[in-house]
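Here is a short briefing for a reader who is new to this structure. Take a look at the model, then read on.

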Amino acid sequence: MTPASYKRHRHPPAIIFHAVWLYLRFSLSLRAVEEMLLARGV
C-alpha cells in the first residue's frame with residue numbers, strides 16, 4: 001500500500017489523524033469532533 005497523501009489538505013497529517021481517531025474511537029459526530037478541536041485551538 002502507498003502511504004496517504006495530504007498535499008491538498010490545509011491541516012497537518014497529525015491533526016487529521018487525531019480527528020479521525022476521535023471520530024472512530026468515541027463514535028462522535030463530525031460536528032462534535034470539529035467543536036472539540038476548535039475548543040483546543042486547532
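This is a predicted model: local features need pLDDT of at least 70, side-chain atom pairs count only at pLDDT 80 or more; totals for chains, interfaces and linings use all residues.

Residues are numbered from 1 along each chain as its sequence is written, and side-chain values use heavy atoms, with hydrogens and water left out.

**Overall build**

- The protein has 2 helices and 0 strands. Helices (H or I, at least four residues) and strands (E, at least two) are DSSP runs, numbered from the N terminus.
- Along the principal axes, the C-alpha atoms fill a box of roughly 30 × 20 × 15 Å.
- Of the 42 residues, 10% count as buried. Buried means under 20% relative accessible area, exposed over 50%, and partly exposed in between (1.4 Å probe, protein chains only).
- Helix 1 has 13 residues and reaches 18 Å from its first C-alpha to its last, close to the 18 Å expected at 1.5 Å a residue. The expected span is 1.5 Å times one less than the number of residues.

**The loop between the helices**

- Ser27 sits in the loop between helix 1 and helix 2. Its relative accessible area is 66%, so Ser27 is exposed.
- Just after helix 1, Ser27 takes a positive phi of about 45 degrees. Ser27 is a residue other than glycine.
- Leu28 lies in the loop between helix 1 (13–25) and helix 2 (30–39). Leu28 is partly exposed, because its relative accessible area is 24%.
- Leu28 touches Leu22, Tyr23, Val33 and Met36, not counting residues up to four places away in sequence. Contact means heavy atoms within 4.5 Å.

**The largest pocket**

- About 340 Å³ of space lies in the largest pocket. On a 1 Å grid over the protein atoms alone, a pocket is an open set of points where a 1.4 Å probe fits, with protein on both sides within 12 Å along at least five of seven lines; lining residues have an atom within 4 Å of a point.
- Of the 13 lining residues, the closest to the centre of the pocket are His11, Ala19, Val33, Glu34 and Leu37.
- Helix 1 and helix 2 each supply at least two residues of the lining.

Notes. Grid points are joined across faces, edges and corners, and a volume is the space filled by probe spheres set on the points.
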